[in-house]
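This report describes one protein chain for a reader who is new to structural work. Please keep the sequence and the model in view while reading.

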Amino acid sequence: MPHPQSPYPYHRFPLPLIQPIVDPCHFTSFMSGSSESRYIRLEVIKGKNLRALSKRIPAGIFISISDSRRRWKSPISVLSSEESAAWGDTVTLSSQASPAFSVEIRASYEADRMLGSGEVIGKLELSWDDLLSRGDEPFAISFPPVRGAHPSLTLKVAVVHAFDDALSDSLVDCKIARDTDAGHARFAKYVKYKRVPHLKVAVQHFQLVLDQCPVGHPDHAAALTNLAYARLEGYARSDLQDIDATTSLFREALALRPQHHPDHSLSLYNLTKALNRRHMKKSTAADICEAAQLYQELLPLCPEGTYLRSIVEGPDGVDYVIGRSNNLPKDASEEGIYLRRVVLELCPQGHQLRHSALDNLSWVLATRFEQRGNIDDLDDSIQISREAVSLCPEGHSGLASYLNNLAVSLGHYRFDHQGKPNDLDEAISLYEEVLRLHPVWHKYRDVSLDNLGSALVKRFNKRKDIDDITRAISLRREALTLSPPGHPRRDTTLNNLALALKTRYDESDVSEDLNDAIDLYRESLRLKRLDDPARHVTLCSLSAVLSSRFMHTQKNEDVEEAITLCQESLEALPSLHPGRYLSYISLKGAYLSRYQILHDPADLSLAVENFRLASRHPTQGFPNRIRTALRWVAEAESHQHDSALEAYQVCLELFDNHVITRSSIISRREAGTAFSGARSLPVDAASCAIRGDNLRRAVELVEQGRGQQWSLASRLKTPVEDLESANPKLAHDYLELSKLVSNATQDSADSTDRAAADLAATKYRKLTEQWEAAVAEIRNLQAFSRFLLPPLYADLHAAARHGPVIILVASQYSCSAVIVPTSGDPHNVPLSITLADLKTLKDRFTRAIRHASRMNPAETRTDLIVLLRIVWDEIMLPIVNVLENVLKLKRRSRIWLCPTAAFTSIPLHAAHPFQTRPDRSKEPCLEDLYICSYTPTLSALIRSRQMMKRR
C-alpha cells in the first residue's frame, strides 16, 4: 500500500513486503537459507536533504537495498518541499547471503512506469555489524554531500527468525535501462562539472533510448522528456542552441500524458520551464502567455507541501511568469484580458504580486470599456481597482498609481457614462491624494496635476463653482512648466490647459482665454504623430474653439477649418470607436455656428444629422447622449426644424433607459433632476406634437412621460394574469425576477460604503438585464408584443369609454387641452394662458387659500372668486365650448381631468364664472355642467376599472 503521506500511487502494481531483485538482465531464482539462519528486518522510515545532483525535479524518491545476489526497491515517495520523503516500508535480509550490502537513494523521473533505475542521490556500503550495533531504536545514516547538503536516511532494525522471499519482475528492457541510467549519470556530471563532453554523451545516451522507444512504445514519453531536459539545460548554459526543437519534445511528451496521467503535472512543469527559458533569452510574449496558462492548470495539481509545488511557486516558476506578464504591454483584447485573469488567479490572497495583477486586470477592463462601452467591464474594473488600493499600505511604491487608476475609472469613465456626482467627488479626493504623493520633484507630478485639473473642469461644468475652473487652470499651468519643449507629455498638457481655458471662456466670454486656447491646441496638434490614438481629441477640440471664434469674428476660414478638422477626425476612426461621438459633437457645433451666421438651411440639416449620430452612438453613456439630445431639442425648437419631435422621442427613450439603471427611487429622482429641462420634457414633447397636429402622438407622449422616474417600480408591479394563462412558466420567471430586482433596489438604498454600494449597483444592474431579457421573451409571444411598452393611442382610448378625458398640457412653448372623446380622434383646444401665467396663478391660489383659512366664515372670499373666474375664462370655458358644441356632450355627463405640470396645482374642477344673466339667473359653473373626476394618467384609469371588474 502507498504511504499515507504520498498523494500518488507508488507503482503500477503492488509490491510484496520483500522484493528481491536480481541483475536486471537475468532472472535466476534465489532461495532463502535454512530455518536456523538469522535475519534482520530493516525498516526504511524517512529521508532528509534529498537533492538530485542534476537539479532536476523528480517524480519521487525510492530506496534500493541490494546484496551480492538480489535487490529490494521501496515504493516511490513524493519529495516534500523540505526535500524530505517518508516510507515506513520494511525488507528482511539474510545474514547468510552476504556479510555486507549497499543502500542507495535514487530519484525517479517517472511516477508511473519507470524508465531505467533513476538518478543516484547517495550510496553507502553497510555491514551486518553496522546494523546490529544500532540497537532497536530508529537511527540515521548520512550519505556523501550533494550540492552542499548531506542526504540521510532514518532506519530501524530488528532481528527476526522468519524469512519470506519472492522474485521481482523486470519492468524495462535491459539495453534501454542501461542507456537511460548512463544518460542520467553523465547528465549529473555535466551539471556538477559544467563540461560540455558530459552533456554530449548524456544527449547521445538519451537519443539512443528514444530511438529504441519509438512512437507507440510505453516509454516514449519518458524518453522524450529525458532527452529534452538534457538539451534544455545545455541551452540554458549556452552550450546548445536549438530551444524550439527542445520545446517541441516537451510538448509531445505532454500530449502523451493527458489529464489524470500520473506524470501529467511533471510534464506540464517541464514545458513551462522550457517556455520560461526561451523567454529569458528571446523575450517572446507568446511564451510567457502560454506559460501563465499552463501554470494555471498546474498549480491545482501540485499538493501543498510537495517539492514540485515549492518550485512551481518559486522565483523561477509562477513568480517569474507573473512578473514578466505584468511587464507585458497592456492588451484589452479577449486574449489580453484572459491572460490578466489567469495571472490574477496565480496570485491568491496574500501573494506579494497580487496588487499589481489586480491593477493590470483593472486597467485592461477599463480600456475595453472605453473601446466598447460595456458597463460590466467598468464595474468589474472599479471593484478590482478598489482591492488593489486596499492591498497597498501608506508608503507602498504602487499606491499612487493604483489610486490614480481608480480615480480615472470613477471620474473619467463612469461619471461620463452614468453621471453620478459621488463618483466625481470621490475621484477628486483620490487625485488630491495622488498629488500629495507626488511632490514637486516627482517625475509624474505633471500627470497628477493634469488629472486633478480634468476632474475639476468636469465638476465646474456640473456645478459652476468658479473656484473649480480657476484652480484647474492654475494646476495645468504648473503642469505645463513641468513639461518643457521635448517632454513626452507636453502635447497632452497643452491640450488639457487649452480645454480649461475654453471652458472658462464659455462661462465668462473673455476673448484672451479663447485665443490662448487656440494657440495651445495648435501647438499640441503639431506635436502629435499622425498615428497618435488621441489625435482625434485635439482635432475636435481645435475645431470647437475655431467655431467659437467664428461666432465673434465671422471669418469664414475659422469655420471652414473647423469642419475640415472634424472630417479628418472621422476619417481616422472606425464606426464604433468612442471618439466618433466627440467628432459628431464638434462637427455639429461647426455647422450650427455657420448656420447662425449665414442662415443656410443646409447647415442646419447637417447639424441635425450630427445631433442624431451623436445621441445614438452606442459607445457613449446615457448622460452624454441625453445632454446631446436635449441640446438637439433646444436647437430644433429654436429654429423650428421638423426634427424636433424626433429629438424629443430620442430624449425620452434615453432618459427612460438611464433611469432604469438606477437602483433606488431616490437615485432615480436624482437622475431625473440632473439634466436641465428634463422635468418638462414630456409636456414639451406633447406640445411639439400638438403644434405639429399629431394629437394621437401627443397623448402617447404625455402618458409615456408621466411619472417617468417611477416607471420601473410600476412595471415591477404590472399584473400578469393574462400572461399566466398563456404561459405560466414565463409569468413565474418574470414575477420572480421582479421580486429580486425590487429587493436589490431596497438593498442598494441602505449602503453607505462606496465599495459595497458599487457591488450592490452591479448586482442590481445584472438583475435588471435578466429582467429585461425575460420581458423580451414575453414580447415574442403573439398577444404580448407590447408588454410593458408605452401604450399606443388605440390602447389609451379605452380610458374615455365612460366619458371624455381632458389632458391639460402646460409647456414653455404652448398650453393646450387635448380632449380624448369616447369615439374618434382627439381634439385640440388651444389655450391663451401661458406657463408663466399658470405659475403666477398657482402662487396666487396658495396665498388666497392661506388667507381664507384665517377669515370669518361669513366673509366673502374675494381673492378666491377672482382666481376661479380666471380658471373658468382662460382654461375651462374653451374646453366646455368644444364639449358642448363640437362633441355634443350632454350635461351632467362625467368628464375626467388629467392635468400635467403646472396644471396639477390649479383647482380646475372649481372653475366658476361668477356671473349673473340678464334674467338674474346665475351662469352655471363647471360642476353644474359636468361631473368632474381626476386621473393621473389614462393607464391608471383603465387599470382601476379592470380592478373593479375583478371584485
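## A partly exposed loop residue

Asp 509 has a relative accessibility of 48% and therefore counts as partly exposed. The scale behind this word is as follows: buried means under 20% relative accessible area, exposed means over 50%, and partly exposed lies in between (1.4 Å probe, protein chains only). Asp 509 is located in the loop between α17 (490-508) and α18 (511-527). Helices (H or I, at least four residues) and strands (E, at least two) are DSSP runs, numbered from the N terminus.

The phi of Asp 509 is near 60°, a positive value in a residue other than glycine. Most residues other than glycine have a negative phi.

## Basis of the model

The model is predicted: local features need pLDDT of at least 70, side-chain atom pairs count only at pLDDT 80 or more, and totals for chains, interfaces and linings use all residues. Residues are numbered from 1 along each chain as its sequence is written, and side-chain values use heavy atoms, with hydrogens and water left out.

## The chain as a whole

The chain contains 36 helices and 13 strands. Of its 951 residues, 53% count as buried. Its accessible surface comes to about 43500 Å², and carbon and sulfur atoms account for 52% of that surface. Accessible areas come from the Shrake-Rupley method with a 1.4 Å probe; for residues, only the protein chains shown count as cover.

A contact means heavy atoms within 4.5 Å. Among contacts between residues at least 6 apart in sequence, 66% join residues at least 24 apart.

## Another positive phi

Ser 283 is not a glycine, yet its phi is positive, at about 55°. This residue lies in the loop between α6 (264-282) and α7. Is Ser 283 buried or exposed? Ser 283 counts as exposed because its relative accessibility is 55%.

## Tyr 295 in helix α7

Helix α7 spans residues 285-298 and includes Tyr 295. With a relative accessible area of 0%, Tyr 295 is buried. Leaving aside neighbours within four places in sequence, Tyr 295 is in contact with several residues, among them Thr 272, Asn 276, Pro 300, Val 312 and Leu 346. Val 321 is also in contact with Tyr 295; these two residues are 26 residues apart along the chain, and their C-alpha atoms are separated by 8.8 Å.

Tyr 521 has its place in helix α18. It counts as buried because its relative accessibility is 1%. Leaving aside neighbours within four places in sequence, Tyr 521 is in contact with Asn 495, Ala 498, Leu 499, Thr 538, Ser 541, Leu 542 and Val 545. A polar atom of the Tyr 521 side chain lies 3.3 Å from the backbone nitrogen of Leu 499. The C-alpha atom of Tyr 521 is separated by 8.3 Å from that of Leu 539, a residue 18 places away along the chain.

Arg 535 belongs to helix α19 (residues 535-553). At 12% relative accessibility, Arg 535 also counts as buried.

Arg 414 is found in helix α13, which covers residues 399-418. This arginine has 3% relative accessibility and so counts as buried. Its side chain makes a polar contact with the side chain of Asp 379, at 3.4 Å. A polar contact is a pair of N or O atoms within 3.5 Å; within protein, one must be able to donate a hydrogen and the other to accept it, and residues adjacent in sequence count only if both atoms are side-chain atoms.

How do α13 and α23 lie relative to each other, and at roughly what angle do their axes cross? The axes of α13 and helix α23 (residues 622-638) come within 4 Å and cross at roughly 50°, and the two helices are therefore oblique to each other. Asp 416, His 417 and Gln 418 of α13 make the contact with Phe 622, Pro 623 and Asn 624 of α23. Axes are lines fitted to C-alpha atoms, for helices over the stretch in contact, and angles run from 0 to 180 degrees between N-to-C directions. Angles under 35 degrees count as roughly parallel, over 145 as roughly antiparallel, 65 to 115 as roughly perpendicular and the rest as oblique.
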